Amino acid sequence: MEDDREWMYEGRIVNGMFSNEWGDKVDEFVAFALRHPECVNGGTAIRCPCTLVKCQNKKFLNVETVKVHLYRNGFVPDYYVWIYHGEKQVHQRCSSSVRVSVSETDQMVSDNMNHTTYHRMVCDATGPEFNPDEEPNAEARNFYDMIRAGDKPVYEGNSKHTQLSAAMRMLEIKCRHRCSQAWFNDMSNFIQELLPQDNLMPLDFYSTKKLVRGLGLPVQVIHCCVNNCMIYWGDDSDLNSCKKCGHARYKQKVRGSRNRF
């Protein structure tokens, strides 16, 4: 295993897409951890070193789920020494390549992560049991489907966009121009008329959202005019009526009801 681990924090996303090279390094990391039974729980579970507060080398997860978490969130900061995954003695990340003992490194990581020995002991005791033969869970399957979509051209011979990048581009245009869902669906239908019949372009807004769901993008609910004139966002977020057609944003208040459009 190489000493230089800058790759853990560089090159995860290239040109808006997950890097295959970075993914190969993650596979090497997981394989390294699985070669150390003392760090494996239930045959296929290892500590997840992603940045989520509930993880950060505290929680045991199936290796496929760990990969998904790392793709989404990246490695916890400064985890150059893989002490929770079987590494006994390594070069510390510095120009003099000073050797660091297991106990010293363990204490360093524990201090940085606010992760006490008792906390680790509880995590060991409560780590979930996994069936080594089980299929990847739904979260992992959705994520891998999305990764595969990043490798497929939107139609045969197209070198500019994959199925995933085209979907992301459409969503970016929708957000930038504050377009409605109805506009998105109409434009998707029109694009279908222009592309070859066997294209992989999502058919509508619903299928586009389903495709990119594995990215774990944040969701924000934004009100829109019932006539699809505008959305109440940015400078218009506090308006109570549509500035295009004048339609009220909210239904007239009825006793015992607080319904909105």
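Start by selecting serine 19 and glutamate 21: the side chains of these two residues make a polar contact, at 3.1 Å. Keep in mind as you go that this is a predicted model.

Stay with serine 19 for a moment. Serine 19 sits in the loop that links β2 (17-18) to α1 (20-34). Is serine 19 buried or exposed? Its relative accessible area is 8%, and because buried means under 20%, serine 19 counts as buried.

**Next stop: helix α2**

Select residues 63-73 to bring up helix α2. Before moving along the helix, look at its start, where a side-chain oxygen of asparagine 62 comes to within 2.8 Å of the backbone nitrogen of glutamate 64. How many of the 11 residues of α2 are buried? Eight are, so the helix is largely enclosed by the rest of the structure. Colour the buried ones to see them together: Val63, Thr65, Val66, Lys67, Val68, His69, Leu70 and Tyr71. Just after α2, click on glycine 74, which has a positive phi of about 80°.

**Two asparagines to compare**

Most residues other than glycine have a negative phi. With that in mind, select asparagine 57, in the loop between β3 (45-47) and β4 (60-62). Its phi is near 65°, a positive value in a residue that is not glycine. Asparagine 57 has 1% relative accessibility and therefore counts as buried.

Now jump to asparagine 228, in the segment after α8. Here too phi is positive, near 60°. What about its surroundings? Asparagine 228 has 38% relative accessibility, so it counts as partly exposed.

**Last stop: a pair of helices**

Two packed helices are described by the angle between their axes and the distance between the axes. Select α6 (residues 163-176) and α8 (residues 205-212), which pack at an angle of about 120° with their axes 10 Å apart. The two helices are therefore oblique to each other, and the crossing of α6 and α8 is left-handed.

Which residues make the contact? Show side chains for Gln163, Leu164, Ala167, Met168, Leu171 and Lys174 on α6, then for Phe205, Thr208, Leu211 and Val212 on α8.

Terms used
Residues are numbered from 1 along each chain as its sequence is written. This is a predicted model: local features need pLDDT of at least 70, side-chain atom pairs count only at pLDDT 80 or more; totals for chains, interfaces and linings use all residues. Side-chain values use heavy atoms; hydrogens and water are left out. Axes are lines fitted to C-alpha atoms, for helices over the stretch in contact, and angles run from 0 to 180 degrees between N-to-C directions. Helices (H or I, at least four residues) and strands (E, at least two) are DSSP runs, numbered from the N terminus. Angles under 35 degrees count as roughly parallel, over 145 as roughly antiparallel, 65 to 115 as roughly perpendicular and the rest as oblique. A crossing is left-handed if the near helix is turned anticlockwise from the far one by less than a right angle, and right-handed if clockwise. Contact means heavy atoms within 4.5 Å. Buried means under 20% relative accessible area, exposed over 50%, partly exposed in between (1.4 Å probe, protein chains only). A polar contact is a pair of N or O atoms within 3.5 Å; within protein, one must be able to donate a hydrogen and the other to accept it, and residues adjacent in sequence count only if both atoms are side-chain atoms.
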